[in-house]
Amino acid sequence: WSESRTRQEGAEEAQAQAASVATTAASYLNQYLNGIDSMATALLRHPAVTGLDRKQSDALFTDVLGHHPLLLNIMLIDREGVLRGSGLPTSDRVLTVPFPTEVIEQGKTRISQLMTGQVSKKPTIALEYPVRSEAGAVVGALGLGVNLTQLQTLFTAIPLPEGSVIT
């Protein structure tokens with residue numbers, strides 16, 4: 001009987017530990033995504049973005065990527081899908097990944113499906129935001145590609161039992 005009870009207590013302790021780690025991991029991810037969302041809000045107010053200025057947007061996005069290693073790329077497109085900015089060098093002139101029509105037509109932020117980044121060629125999801133002119137009209141979309149292969153680095157500060165991983 002005592003062996004069964006000890007096994008049950010061990011299982012309950014492991015379950016409680018797993019729940020605690022899951023809650024902490026979700027909190028870290030939520031905090032990171034809130035930070036990205038705040039940064040996107042600031043980018044959406046920048047004159048290079050609202051003016052769809054390719055040269056200035058490229059420089060701005062390149063600088064931002066240098067400070068955010070979990071972002072693969074930042075791309076800006078106009079209503080027709082013409083590329084108006086990229087944080088990574090590219091000669092692409094139009095968007096070839098799924099076009100964010102919902103963002104442009106409905107003016108709503110969304111998260112893309114899993115895809116391969118057009119410029120980075122890595123698995124990503126894009127956080128997509130409508131870009132508005134000073135008059136409030138949607139003139140394009142801003143996409144921030146999250147580096148899914150490096151996302152686990154968010155969780156390195158979470159104390160885990162020996163041999164544990166977060167997937």
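Which residues does leucine 43 touch, not counting residues up to four places away in sequence? The legends below take this up, starting with the whole chain.

**View 1. The predicted protein has 4 helices and 6 strands.** This is a predicted model, in which local features need pLDDT of at least 70, side-chain atom pairs count only at pLDDT 80 or more, and totals for chains, interfaces and linings use all residues. Residues are numbered from 1 along each chain as its sequence is written, and side-chain values use heavy atoms, with hydrogens and water left out. Helices (H or I, at least four residues) and strands (E, at least two) are DSSP runs, numbered from the N terminus. Along the sequence they follow the pattern α-α-α-β-β-α-β-β-β-β. Of the 167 residues, 38% are buried, meaning under 20% relative accessible area with a 1.4 Å probe, protein chains only.

View 2. To settle the opening question, leucine 43 touches Val49, Leu60, Phe61, Val64, Ile74 and Leu142; a contact means heavy atoms within 4.5 Å.

**View 3. Leucine 65 lies in helix α3 (residues 54–67).** Have a look at how this residue is covered: leucine 65 is buried, with a relative accessible area of 13%. Leaving out residues up to four places away in sequence, leucine 65 touches Leu71, Leu72, Asn73, Ile74, Gly87 and Leu88. The C-alpha atoms of leucine 65 and glycine 87 are separated by 6.6 Å, although the two are 22 residues apart along the chain.

**View 4. The largest cavity holds about 240 Å³ of space.** On a 1 Å grid over the protein atoms alone, a cavity is a set of points where a 1.4 Å probe fits but cannot get out, and lining residues have an atom within 4 Å of a point. Grid points are joined across faces, edges and corners, and the volume is the space filled by probe spheres set on the points. Of the 21 lining residues, Met75, Val97, Met115, Ala126 and Gly143 lie nearest the centre. β6 gives the most to the lining, with 5 residues.

Technical notes
On a 1 Å grid over the protein atoms alone, a cavity is a set of points where a 1.4 Å probe fits but cannot get out, and a pocket is an open set with protein on both sides within 12 Å along at least five of seven lines; lining residues have an atom within 4 Å of a point. Buried means under 20% relative accessible area, exposed over 50%, partly exposed in between (1.4 Å probe, protein chains only).
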